[in-house]
Amino acid sequence: ATDYKRMMMAVCYSLIPCVLMAMYNTGYQANLIMQKAGLSAVPGWRGTVLDWINGFCPLGYDPGNILACFVHGAMYFIPAYVVCMVAGGLWEVLFAFIQKHEVNEGFFVTGLLFPLTLPPTIPLWQIAVGISFGVLVGKEIFGGTGRNFFNPALTGRVFLFFAYASGISGNSVWTAVDWKAVKAANLPDAISGATPLAVATDAAAGGLKGLQAAGYTWFDSFIGLIPGSMGETSTLACLIGLAMLLFFGIASWRIVLSMTVGGVGMALLFNTLGSETNAAFSITPLWHLVLGGFAFGAIFMATDPVTSAMTRLGQYLYGVLIGALVLIVRVLNPAYPEGVMLAILLGNVAAPLIDYYIVKANIKRRMQRTLASE
């Protein structure tokens, strides 16, 4: 009884915990650094809006005030979401008109996933360009929803990463503060805005020891109180979403489990090999699971029913492949500490081939059984 519309709406519901955490943590990280730097203003139009809100409801920029963090974070997530829905929605409507079919509900999922994978400081025009590329190149040129083999949201993000790297990489993009004012406040070097994954893979920063010295704990990373992409920091929120997806019968637990096994297995291998120059070799499996976008990618991106493997055995192989690739990119490529995005896209490319050979093998075994019974 689950049609496509109900399936897509269920995915949107399962993303609500990540959306709420995106708004809260974005505001929390910004308010925390503003408090340490002694700042009391936000630059640009967001500061004007926040000043107006504080005029009749004095929330301020207190990281201990949950509502203040939500409101501050909403000033970054909501505009990103609106731009994403408007720009991507226009392309969806245009292609629906050209191809003479209804607007597909799948875009509501893509339009919600895409801003969750972005840093809060990314320019709004880049969001419009990225979602346009994701919808056009990632989906519509293949015939629309159900015919694409790339995840549209990840396609848009990888385009932004290679086309506008300065807006989606570096230490200053992950925390929504005025970094010029922060530097003028002469804060300690430990307050840099770097994500925990970037610190953990940096030998100069001390690796895991440097991560802990910077004040990041495993529990904070699990809850999501760390700098990073707006909706990817909280493993807890992702697990709540996974429980909802499994309840609705949408996500494949085989992909989530096998991707986790592949990542943990590769992490243990790197831990065993060790390295005197590469700090990423020493990151333990438990840390890998809560750093970066591993949980978000495993639960919401790799399980995309259109672009993932369809056969049961294929889903196991598909998940293991992605999990192993994530760790290979993270550990062996010092210039790019996060590997989830690229690993899932490579998995999308391999999924049809995996299913093809598994189905071919099944047909061959059935033919042999049929011949033997005759």
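## Exercises on cavities, a pocket and helices

The lining of the second largest cavity divides into five nonpolar residues, four polar residues and no charged residues. In this count Ala, Val, Leu, Ile, Met, Phe, Trp, Tyr, Cys and Pro are nonpolar, Asp, Glu, Lys and Arg are charged, and the others, Gly among them, are polar. The model is predicted, so local features need pLDDT of at least 70 and side-chain atom pairs count only at pLDDT 80 or more, while totals for chains, interfaces and linings use all residues. Residues are numbered from 1 along each chain as its sequence is written, and side-chain values use heavy atoms, with hydrogens and water left out.

**Exercise 1.** Find which residues line the second largest cavity, and state its volume.

Solution. Begin with the terms: on a 1 Å grid over the protein atoms alone, a cavity is a set of points where a 1.4 Å probe fits but cannot get out, a pocket is an open set with protein on both sides within 12 Å along at least five of seven lines, and lining residues have an atom within 4 Å of a point. Grid points are joined across faces, edges and corners, and a volume is the space filled by probe spheres set on the points. With these terms, the second largest cavity has a volume of about 40 Å³. Its lining is made of Asn25, Thr26, Gln29, Pro120, Trp174, Ile226, Pro227, Gly228 and Met230.

**Exercise 2.** How many cavities of 30 Å³ or more does the structure hold, and which elements give two or more residues to the lining of the largest cavity?

Solution. The structure holds three cavities of 30 Å³ or more. The largest cavity contains about 310 Å³ of space. Among its 23 lining residues, those closest to the centre are Met8, Val109, Leu113, Asp304 and Pro305. Two or more lining residues come from each of α1 (4-14), α5 (106-116), α7 and α15, where helices (H or I, at least four residues) and strands (E, at least two) are DSSP runs numbered from the N terminus. The element that gives the most to this lining is α5, with five residues. By class, the lining of the largest cavity has 15 nonpolar, six polar and two charged residues.

**Exercise 3.** Describe the lining of the largest pocket.

Solution. The largest pocket has a volume of about 490 Å³. Of its 32 lining residues, Arg157, Trp174, Thr195, Ser229 and Glu338 are the closest to its centre. At least two lining residues are supplied by each of α7 (152-163), α9 (196-200), α15 (294-301) and α17 (340-373). Sorted by class, the lining of the largest pocket has 18 nonpolar, 11 polar and three charged residues.

**Exercise 4.** Why are α5 and α15 described as largely enclosed by the rest of the structure?

Solution. Buried means under 20% relative accessible area, exposed over 50%, and partly exposed in between (1.4 Å probe, protein chains only). In α5, 10 of the 11 residues are buried, so α5 is largely enclosed by the rest of the structure. The cover over the buried residues of α5 includes α1, α2, α4, α6 (124-138), α7 and α15. For α15, eight of the eight residues are buried, so this helix too is largely enclosed by the rest of the structure. Among the buried residues of α15 are Phe294, Gly297 and Met301.

**Exercise 5.** At what angle do the axes of α2 and α4 cross?

Solution. Axes are lines fitted to C-alpha atoms, for helices over the stretch in contact, and angles run from 0 to 180 degrees between N-to-C directions. The axes of helix α2 (residues 16-37) and α4 come within 6 Å and cross at roughly 110°. That makes α2 roughly perpendicular to α4, since angles under 35 degrees count as roughly parallel, over 145 as roughly antiparallel, 65 to 115 as roughly perpendicular and the rest as oblique. Residues in this contact (heavy atoms within 4.5 Å) include Met23 and Thr26 of α2 and Phe70 and Phe77 of α4. By class, the contact of α2 with α4 has 16 nonpolar, five polar and no charged residues.

**Exercise 6.** Is Met75 buried or exposed, and which residues does Met75 touch?

Solution. Met75 lies in helix α4 (residues 66-99). Met75 is buried, with a relative accessible area of 15%. Not counting residues up to four places away in sequence, Met75 touches Trp45, Arg46, Val49 and Leu50. Met75 and Thr26 are 49 residues apart in sequence, and their C-alpha atoms are 9.4 Å apart in space.
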